Number of protein chains: 2
Amino acid sequence: MTTSRSTPPGARATQGARARARQEVTAAIKDEARRQLAADGAAKLSLRAVARELGMVSSALYRYFPSRDDLLTALIIDAYDSLGAAAEEADAAFRAIGEAGEAGEGPTPARRWVTVCQAVRAWALEHPHEYALIYGSPVPGYTAPATTVPAASRVGLLLIAILREAYEGKGVALPPLTPGVRAEADRIAADLAPDLPPEVMTALVAAWAQLYGLVGFEVFGQFNKVVEDRAAFFTHAATGLAHGVGLVK
Amino acid sequence: MTTSRSTPPGARATQGARARARQEVTAAIKDEARRQLAADGAAKLSLRAVARELGMVSSALYRYFPSRDDLLTALIIDAYDSLGAAAEEADAAFRAIGEAGEAGEGPTPARRWVTVCQAVRAWALEHPHEYALIYGSPVPGYTAPATTVPAASRVGLLLIAILREAYEGKGVALPPLTPGVRAEADRIAADLAPDLPPEVMTALVAAWAQLYGLVGFEVFGQFNKVVEDRAAFFTHAATGLAHGVGLVK
DNA sequence: TCCAAAGCAAGAGCACTGCTCTCATTTCGG
DNA sequence: CCGAAATGAGAGCAGTGCTCTTGCTTTGGA
């Protein structure tokens, strides 16, 4: 993480054999770590095992990641980015095919919403241990450094963008707020999207958390023996979430 | 866990000094383990440290819990029970004070729902690491044994009971199901509560997961810098969940 | 061009972990 | 009362994260 580059900022595009080698080794370490993560989960990720697999001695690995937690943080950022990219790609693809399709099947905000939710679910099912890393219980006493914030925000920003499109097209309707949350709702809206109504933004934050509740329950096996056709159930629930944030079309 | 009692089932109420001592030691181990769990989280829970704190040698501890995972499983069951009890007590207390109160403030199903949700949230905030143990990412490769099922179901059963009361009082209304989930909804209802309409039971399962999404996001710090007045926000969201399962009064 | 400085790999070592095995002691039941 | 079962203690194995020292290699500036 600490990119303490001794070379001045104006380094050439060809940045020296050493720096290139460093990047390659760093990438190799992350790749192998991701492999072990996917295989056995975060708790069994071992620096020594990673080093062993890469044919290097364990102490050498500390030149690249000063601690196990730093390696995990790097993997967390990558996971957030991977999830965000998956959601954005699914949305873009849906909009592309939608515009070329029939009139009655266009990419309405509500359908975009469900599409993004489904993309999140699909990514989580494909990468359960990485999902656990970012949305499961955090490592004990570990609070994610600020570095993770941009990557972590991608899905949220995408959901806000969908709501914004709907709002501009008058496609969002929600009952007024009760007095108890009025102030907090104003705060939330002012922070995240001042151009959108507070009741919508508050519902968005709640729906955001609820989405990860749904996905988490499925990924972590809480739906075992309860829900069978999980895809159908999820689509139904995601549609309910869309209604919950006021998406009516 | 393996209660391989050599004493016949008809053992006396005074069940021997040895058996009593065993129970006490077992309880002491769990207590100390819970202490360490609350202090440092599940990943840092160490059998040796527990034994050390109890003044016994680590190998002796294996006479009581054959492995670290078994100790964790015992803690998981206790946590589920503690959470379930907290929810049930909150509900019972609310109904008790409600019946004695004014007419317009009675314990309607919707208000019972919110009360139970708040109890779950409160318990989770008081026992974050135990919450992480049961609703965070499961221990890698670890699937909860069937032993945990009854304890884990308590909150769910309570929510079903609330819906049933509402349904009998005609206090539940929900739009019809879309064809896509019809079959799965029928299955879910048949499994969990055949006397309640499928659309209600399906919404209940979704709301159940969504509730833990809301609680998890708060406990795990995902609401940092996003939601300030979390109690007000949660009450608002829980009320939304109540509407989502069709509780109208 | 040369050399000091920085980067790097390797190995040894510390303190810790879960878990197993053996051996002595205590306790209980037939 | 005595054998069997339960329990505790200790040593030991394999593994972990992490640190420190020791040399070697690359690099960038004088």
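How many of the residues of H9(B) are buried? The legends below start with that helix. This is a predicted model, in which local features need pLDDT of at least 70 and side-chain atom pairs count only at pLDDT 80 or more, while totals for chains, interfaces and linings use all residues. Residues are numbered from 1 along each chain as its sequence is written, and chains are lettered from A and ligands numbered from 1 in the order in which they are written.

**View 1. Helix H9 of chain B is mostly covered.** Of its 22 residues, 22 are buried (20 or more other C-beta atoms, placed from the backbone, within 10 Å of the residue's own). Helices are DSSP runs of H or I with at least four residues, strands are runs of E with at least two, and both are numbered from the N terminus. From first C-alpha to last, H9(B) reaches 32 Å, close to the 32 Å expected at 1.5 Å a residue (1.5 Å times one less than the number of residues). Just after H9(B), B:Gly221 has a positive phi of about 80 degrees.

**View 2. Chain B touches chain A.** The contact (C-beta atoms, placed from the backbone, within 7 Å) takes 43 residues from chain B and 43 residues from chain A. On the chain B side, helix H8 (179–192), helix H9 (198–219) and helix H10 (230–244) each give two or more residues. H9(B) gives the most, with 11 residues. This side divides into 21 nonpolar, 16 polar and 6 charged residues. Ala, Val, Leu, Ile, Met, Phe, Trp, Tyr, Cys and Pro count as nonpolar, Asp, Glu, Lys and Arg as charged, and the others, Gly among them, as polar.

View 3. A residue is near a strand if its C-beta atom, placed from the backbone, lies within 6 Å of it. The surface near DNA strand C has 8 nonpolar, 9 polar and 7 charged residues.

**View 4. DNA strand D is surrounded by 24 residues.** The closest are A:Ser46, A:Ser59, A:Ser67, A:Arg68 and B:Ser59. H1, H2, H3 and H4 of chain A, with H1 and H3 of chain B, each supply at least two residues of the surface near DNA strand D.

**View 5. Chain A has 10 helices and 0 strands.** Buried residues make up 41% of its 249 residues.

Note on methods
Contact = placed C-beta atoms within 7 Å. Buried ≥ 20, exposed ≤ 12 C-beta atoms within 10 Å, placed from the backbone.
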